[in-house]
Amino acid sequence: MSATLYPMSLPVLERGLNNLAAILRKAETDAEARKIAPEVLLNARLAPDMFPLLRQVQIVSDTAKGCAARLAGVEVPSFADDEQSFGELLQRIAKTLDFIGAIRPEQLADAADREVVLKLRGEEVRFDGQSYLSLFVLPNFYFHLTAAYGILRHNGVPLGKTDYLGGLPAKR
């Protein structure tokens, strides 16, 4: 029997989502203080061919809920990608956290060996659960989380490394 993927998956994704929510709240407050229309930040991009902040946050959410569902062997919930405000993005993150929070650790007991099949660019890609998490989910999750952070930081939101990392866990 393989080790459970739970400790290195769902708690990690929850932490990243909570940190992203805190970053978005800080950005919303900063936009109000600087009298910047929220749409300016929500539609900002790091480069012309990259997704805007709105889509980066949606992808972080999709990656997290997809991972939780696939590793637990349950249906991936579908969320409409129609958010247009910081409040709506925060609601999406909260829904994602609620879904992940409902997954019990024992549902991931055999997840390392569970087959995960994705359609990527029109082709089927097959992973075992361990490879799916380590080679696909975590790199994608952190890429889009970092892009969201970078968009806001580039646009003057006073963020630092501690905003990205969040509070460090207490020693056990």
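Reader: Which residues does Asn-19 touch, not counting residues up to four places away in sequence?

Author: Contact here means heavy atoms within 4.5 Å, and by that test Asn-19 touches Asp-163, Tyr-164, Leu-165 and Gly-166. Asn-19 itself sits in helix H1, where helices (H or I, at least four residues) and strands (E, at least two) are DSSP runs numbered from the N terminus. This is a predicted model, in which local features need pLDDT of at least 70 and side-chain atom pairs count only at pLDDT 80 or more, while totals for chains, interfaces and linings use all residues. Residues are numbered from 1 along each chain as its sequence is written, and side-chain values use heavy atoms, with hydrogens and water left out.

Reader: Is Asn-19 buried or exposed?

Author: Buried means under 20% relative accessible area, exposed over 50%, and partly exposed in between (1.4 Å probe, protein chains only). With a relative accessible area of 12%, Asn-19 is buried.

Reader: How many residues does helix H4 have, and what covers its buried residues?

Author: The expected span of a helix is 1.5 Å times one less than its number of residues. Helix H4 (residues 86-102) has 17 residues, and the 24 Å from its first C-alpha to its last is close to the 24 Å expected. Among the buried residues of H4 are Phe-86, Leu-89, Leu-90, Ile-93 and Leu-97, and Arg-92 and Thr-96 are buried there too. Their cover includes helix H1 (10-33), helix H2 (38-42) and helix H3 (53-72).

Reader: Which residues in the largest nonpolar core touch the most other members?

Author: A nonpolar core is a set of buried Ala, Val, Leu, Ile, Met, Phe, Trp, Tyr and Cys residues joined through side-chain atoms within 4.5 Å. In the largest one, which holds 49 residues, Leu-13, Leu-24, Leu-53 and Leu-152 touch the most other members. The elements giving two or more residues to this core are H1, H2, H3, H4, strand S1 (115-120) and helix H5 (129-154). Leaving aside neighbours within four places in sequence, Leu-53 is in contact with Leu-24, Leu-41, Leu-42, Ala-44, Phe-86, Ala-148, Ile-151 and Leu-152.

Reader: With which residues does Asp-62 form a salt bridge?

Author: A salt bridge is a side-chain nitrogen of Lys or Arg within 4 Å of a carboxyl oxygen of Asp or Glu, and this rule gives a count of 11. Asp-62, which is partly exposed at 24%, forms one with Arg-55, their closest N and O atoms being 4.0 Å apart, and another with Lys-65, at 3.5 Å. Because Asp-62 and Lys-65 are three residues apart in helix H3, about one helical turn separates them. Lys-65 counts as buried, at 4% relative accessibility. Salt bridges that share partners join Arg-55, Asp-62, Lys-65, Asp-81, Glu-83 and Arg-92 into one network. Within it, the side chains of Asp-81 and Arg-55 meet at 3.4 Å, N to O, and this pair links distant parts of the chain, with Asp-81 in the loop between H3 and H4 and Arg-55 in helix H3, 26 residues apart.

Reader: In which sense do S1 and S2 pair?

Author: Two strands pair if DSSP finds at least two bridges between them, and S1 and strand S2 (residues 123-128) pair in the antiparallel sense over six bridges. Glu-115 stands opposite Asp-128 in S2. The two strands form a hairpin with two residues between them, and Arg-121 in the turn has a positive phi of about 55°.
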